[in-house]
Amino acid sequence: MEDIPVVREWVDNEIAKYREQLGINKTVYVFYNLEDMPKDAQKDKTVRSYQKYAAVTCVADSNNKKPHLMIIDLEWHKSFKGLEDTIAHELLHVRFPRLSHGEIFWKKLGMVLMGKKYKRRKR
Ligand SMILES: [Zn+2]
């Protein structure tokens, strides 16, 4: 996908939609390149290799004031659908920070993409 305002705006709307659906209260800041991220996030190895993963999210601690930080590689994505899958995937990590990729994760992701709602939580 091209990094143009209409795509960024679409991403913002999807983030808002899935945050609401997953009951995520904290702000999720989205970035499209390393240079725009806070310095300490830029130093993170996983964050630095975001182009390998399509997107990477730094999930904030539930008891501090920091927001969640997400970096998305728009060019990695071929369609809005693919971008939507990535956003739902990343926000599922935010909602369930201890849940790693596995059967339960993929099952939850499928249900979220089909519209499953979760109750609000602090994080
Ligand atoms: Zn993941």
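Reader: Which strands does helix α5 lie across, and at about what angle does α5 run to β2?

Author: This is a predicted model. Helix α5, residues 80-95, lies across β1, β2 and β3. Its direction is at about 25° to that of β2.

Reader: What is the order of the strands in the sheet?

Author: Strands of a sheet pair through backbone hydrogen bonds, either parallel or antiparallel. Here three strands form an open sheet in the order β1-β3-β2, and the pairing is mixed. β1 (28-31) and β2 (55-58) are the edge strands, each pairing on one side only. On average, neighbouring strands of this sheet are turned by 20° against each other, direction ignored.

Reader: How many bridges join β1 to β3, and do the two run parallel or antiparallel?

Author: Four bridges join β1 to β3, which covers residues 68-72, and these two strands run parallel.

Reader: What does the C-alpha trace span along its principal axes, and what percentage of the residues count as buried?

Author: The trace spans about 35 × 35 × 25 Å along those axes. Of the 123 residues, 23% count as buried. Among contacts between residues at least 6 apart in sequence, 62% join residues at least 24 apart.

Notes. Residues numbered from 1 in each chain as written. Predicted model: local features only at pLDDT ≥ 70, side-chain atom pairs only at ≥ 80, totals over all residues. Pairing = 2+ DSSP bridges. Axes fitted to C-alpha atoms, helices over the stretch in contact; angles between N-to-C directions. Contact = placed C-beta atoms within 7 Å. Buried ≥ 20, exposed ≤ 12 C-beta atoms within 10 Å, placed from the backbone.
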